[in-house]
Amino acid sequence: MTIFSKDALKDQHIIITGATGGIGWETAIACAAAGANITITGRNEDKLVTLKGKCEELSSNISVHLYSADLDAEEERESLLSGAIDEIGPVTGLVNAAGITGGGVLEDLKEDDLRKVIELNFISTVLFTQQVYRHMLVTKPEKGAIVNVSSLSGLRGTPGSSAYAGSKFALIGFTQSLAVEAAERGIQVNAVCPGYVDTKMGRDSIARKGKKFGRSYEEQLKKAQAGIPSGRISTPEEVANTIVFLLTGAAENIVGESVKISGGNVL
């Protein structure tokens, strides 16, 4: 459902990381539908090409730049930002949607898995945000916005989530700290915290939990939804619409918040 005008993000340039994932994908589409110029990045170039085409179909007045990048690598983070600026111009917004799951219960947690989750979900996100933020401080956009995609796992721990929850808790702390630094510079920083979302990552998570208890995916999904007051998991479009709302500046005094999207699962 379209809830924004076609020029709600007109003349804005938004970078979306993790654009080949479910939330990043729908965020790119929602930004394009709202009139934003966008730079999309992820590790699957074929998916990026497909997404670029879908976004361009929504408006002939926007520019879409794609760059296949591994955000763990400093040189690729630098190339992503410089290429985005060269192709479209100054960046006014950033959506950090790149992320992975991983880990397990603490006694089985492998150091390599822990480092991999923390590296992408937190360290690479912070370092790329630092680059974009420094750029914004120089270009001084009329409306600057950064939205980090955290999780309900960034607000409360669950069994088997030490690595993932740790990375998402860290992202919330980063969001709040940067928000108070950036607010006086005219840059709005917030986070969204989805629960289960109907994406590949979300479905895989439900399937893994079901397997642990000997349940099928359908059985585990039904059990999960029974514990949600709204009776269902969220859609990626719902998360994307919340992100775009935070990018539009419709509520500029929302600063450093962690917006839950969980059907009432966590209040």
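**Reading the sheet and its helices**

The UniProt annotation "domain: Ketoreductase", from an unreviewed entry, covers residues 12–186; such annotations may be inferred rather than shown by experiment. This is a predicted model, in which local features need pLDDT of at least 70 and side-chain atom pairs count only at pLDDT 80 or more, while totals for chains, interfaces and linings use all residues. Residues are numbered from 1 along each chain as its sequence is written, and side-chain values use heavy atoms, without hydrogens and water.

Reader: In what order do the strands of the open sheet stand?

Author: Strands of a sheet pair through backbone hydrogen bonds, either parallel or antiparallel. Here helices (H or I, at least four residues) and strands (E, at least two) are DSSP runs, numbered from the N terminus, and two strands pair if DSSP finds at least two bridges between them. The open sheet has seven strands in the order 3-2-1-4-5-6-7, with parallel pairing. Strand 3 (64–68) and strand 7 (258–261) stand at the edges with a single partner strand each, so one side of each lacks a neighbour in the sheet.

Reader: Over how many bridges do strand 4 and strand 5 pair?

Author: Strand 4 (residues 93–96) and strand 5 (residues 144–149) pair over four bridges, in the parallel sense, and Asn96 stands opposite Asn148 in strand 5.

Reader: Which strands does helix 4 touch?

Author: Contact means heavy atoms within 4.5 Å, and angles run from 0 to 180 degrees between N-to-C directions of axes, which are lines fitted to C-alpha atoms, for helices over the stretch in contact. Helix 4 (residues 111–139) packs on the sheet, touching strand 1 (13–17), strand 4, strand 5 and strand 6 (187–194), and its direction makes about 175 degrees with that of strand 4.
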